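The sequence and structure are shown below.

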Number of protein chains: 2
Amino acid sequence: MPPTTPPSTLPPMKDLTTENITENVHLVNSQCTDPRLRYLLHRIVTHLHELCLETRLSTEEWSAGVKFLTEIGQISDDLRHEMILLSDTLGVSSLVDAINHPRKPPATEGTVLGPFHTHDAEDMSHGAVLHSDPDATKLLVLANIKDCDGNPVDGVKVDVWEGDSKGFYDVQNPNRAGPDGRGVLRSDENGEFFFQAIVPVPYPIPMDGPVGKMLAALGRHPNRPGHVHFMLDKPGYDLLITALYPRGDPYETSDPVFGVKESLVVDLTTVEDEEMAKKYGVKVGTKLLKHDFVLLTEPQARDLRKKNAIEAMEKQGRKVVFHNDLPIPAESS
Amino acid sequence: MPPTTPPSTLPPMKDLTTENITENVHLVNSQCTDPRLRYLLHRIVTHLHELCLETRLSTEEWSAGVKFLTEIGQISDDLRHEMILLSDTLGVSSLVDAINHPRKPPATEGTVLGPFHTHDAEDMSHGAVLHSDPDATKLLVLANIKDCDGNPVDGVKVDVWEGDSKGFYDVQNPNRAGPDGRGVLRSDENGEFFFQAIVPVPYPIPMDGPVGKMLAALGRHPNRPGHVHFMLDKPGYDLLITALYPRGDPYETSDPVFGVKESLVVDLTTVEDEEMAKKYGVKVGTKLLKHDFVLLTEPQARDLRKKNAIEAMEKQGRKVVFHNDLPIPAESS
């Protein structure tokens with residue numbers, strides 16, 4: 001049965017050429033009633049078409065791109081997120097984090113979530129051992145959480161995860177029985193939390209899929225500098241997804257996912273005295289990572305996002321209005 | 001085992017911010033030894049980052065985009081090409097065809113290949129019946145092929161395909177036993193070919209996948225105006241992928257894949273006299289599509305592509321050199 005949908009009531013398009021096809025796509029998409037989606041599509045189509053036009057994209061390159069993106073979807077499942085890995089390795093994830101979670105001193109900077117966060121980490125009490133890895137170098141993590149005025153923030157949900165001494169996360173183990181190298185703590189009334197982790201080591205991002213082939217074609221190495229991930233979450237505060245990188249890693253200045261920031265590179269020390277060792281349940285000589293996290297409140301982050309959005313839109317010569325807290329050009333509202 | 005790849009010898013990057021992340025991604029990708037791939041990545045990363053920055057892409061929108069693209073890969077297989085459908089519905093396929101197969105009068109314009117071409121169509125002799133559909137209105141297609149000087153071109157491989165009277169292609173039939181509604185002919189010494197097709201009807205592009213959801217969200221209808229596909233291929237001539245659209249279709253001016261061009265909209269007539277009916281093996285009164293196709297030679301198309309490429313690069317203020325016939329900025333060669 002031929003389709004019965006009524007034809008468009010838009011001004012007709014025809015006579016498509018390299019010159020007016022972009023206009024015609026915008027015309028058809030202008031039917032969208034959601035002004036934010038309409039704006040996004042306008043920009044997506046503009047950039048895609050400019051990319052093709054300025055590079056004179058060949059049919060073979062277009063085919064290779066279609067195949068590449070299709071294979072990324074096909075290799076992905078609940079535990080493997082190849083499209084996120086693509087976003088990470090092109091710097092997009094880091095950029096989106098910076099846009100959505102802007103920081104100003106003294107607030108702790110964020111970084112990429114990465115593909116290895118899970119939702120099955122168990123609650124841990126302070127001092128708990130994160131990792132069962134017997135070959136690892138133990139690391140006492142001793143941290144506190146403050147707001148920008150220096151007040152401790154209690155009751156923050158602290159989600160931590162890291163790879164093992166071989167550079168693998170638990171989800172990369174095909175025989176994974178349950179979470180390992182991950183856990184969830186709460187900051188106490190002084191904003192403090194502590195746990196026993198391991199000294200992180202560098203590890204390659206997965207190279208057996210399409211993104212690995214891309215990195216190889218670009219002559220890029222896949223090795224992330226060692227780090228421990230932190231996600232700090234409390235209602236009223238802007239979500240902080242970050243990581244700490246012990247200084248001196250050989251890949252510190254060439255991270256394939258653009259996660260390292262100078263403020264997140266930390267110096268490890270050592271537990272020197274008996275009293276401290278006893279207090280935190282570790283041996284004297286254990287490696288020590290001490291760190292202060294500083295959170296922005298939700299209103300502080302929202303104001304900063306809004307200010308940055310207005311500046312970015314003005315750079316394009318656009319007046320901005322906000323739709324569900326997201327910017328759209330004033331003319332499309 | 002920690003990775004053993006030597007760290008990059010590039011200038012180090014660090015202190016990533018919203019301001020310098022794009023530069024750092026370019027720096028890492030500049031290791032690529034293929035100048036064309038290096039140029040493509042430079043433009044892809046630039047556009048992706050500009051898109052995020054100017055729209056202030058939210059984390060939720062980024063996630064929705066990752067999910068959307070992943071699902072497109074997951075629904076795709078040998079017979080379903082959802083990523084091509086995405087490219088089609090954003091006007092990218094039509095644009096890439098126009099870039100790669102530029103035309104100037106009198107050459108026949110190209111259009112999108114679409115997702116329904118297959119490689120299993122059988123050879124047919126002139127006059128053969130393309131379609132087994134008993135409900136369709138028969139259509140005699142009578143065509144010839146010339147070069148730009150008006151000389152007939154013989155021995156052109158003519159691949160034709162079309163949907164049935166219900167708007168479906170054979171590959172959409174889950175019980176497909178073999179090709180139907182498709183075939184391959186050769187132009188004769190006069191550049192002519194003819195076959196019995198059916199009057200094409202409009203049909204919706206597949207709406208049960210992610211691209212269908214996108215069109216619905218944009219308020220776009222999915223209906224392509226009826227058409228017959230042609231692929232004309234002969235060594236020495238530029239490949240012509242095109243289609244003819246009988247005039248008057250309700251979706252003629254709102255094609256969801258931007259395939260219609262004024263020069264490809266044709267007027268159907270009728271086989272009026274006995275002699276013609278007899279010659280082509282049809283009844284008087286049968287619908288008739290007569291059309292002249294005009295091919296560019298390979299050198300003509302290559303020259304036109306090159307000229308357009310130089311103009312496009314100059315618009316960006318770039319001097320161009322060619323690498324495997326594709327443009328790259330002179331500074332990156």
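## Backbone features

Arg56(B) sits in the loop between H2 and helix H3 (59–75) of chain B; helices (H or I, at least four residues) and strands (E, at least two) are DSSP runs, numbered from the N terminus. Phi of Arg56(B) is near 50 degrees, a positive value in a residue other than glycine.

The model is predicted: local features need pLDDT of at least 70, side-chain atom pairs count only at pLDDT 80 or more, and totals for chains, interfaces and linings use all residues. Residues are numbered from 1 along each chain as its sequence is written, chains are lettered from A and ligands numbered from 1 in the order in which they are written, and side-chain values use heavy atoms, with hydrogens and water left out.

A cis peptide bond joins Pro105(A) to Pro106(A), with omega about 5 degrees. Pro106(A) belongs to the loop between H5 and strand E1 (138–147) of chain A. In chain B, the bond from Pro105(B) to Pro106(B) is cis, with omega near 5 degrees.

## The chain interface

Contact (heavy atoms within 4.5 Å) involves 94 residues of chain B and 94 residues of chain A. The two chains bury about 8,500 Å² between them, 67% of it on carbon and sulfur atoms; buried area is the accessible area (1.4 Å probe) that two parts lose on being put together, summed over both.

Between chain B and chain A there are 4 salt bridges, each a side-chain nitrogen of Lys or Arg within 4 Å of a carboxyl oxygen of Asp or Glu. Arg43(A) forms a salt bridge with Glu54(B), in which the closest N and O atoms are 2.5 Å apart.

## Helix packing between chains

Helix H5 (residues 92–100) of chain A packs against helix H2 (residues 35–55) of chain B at an angle of about 15 degrees, and their axes are 10 Å apart. Axes are lines fitted to C-alpha atoms, for helices over the stretch in contact, and angles run from 0 to 180 degrees between N-to-C directions. H5(A) and H2(B) are therefore roughly parallel (angles under 35 degrees; over 145 is roughly antiparallel, 65 to 115 roughly perpendicular and the rest oblique). Val92(A), Leu95(A), Val96(A) and Ile99(A) of H5(A) meet Leu48(B), His49(B), Cys52(B) and Leu53(B) of H2(B).

Helix H3 (residues 59–75) of chain A and helix H4 (residues 82–89) of chain B pack at about 125 degrees, with axes 9 Å apart. That angle makes H3(A) oblique to H4(B). The contact is formed by Trp62(A), Val66(A), Leu69(A) and Thr70(A) of H3(A) with Met83(B), Ile84(B) and Ser87(B) of H4(B).
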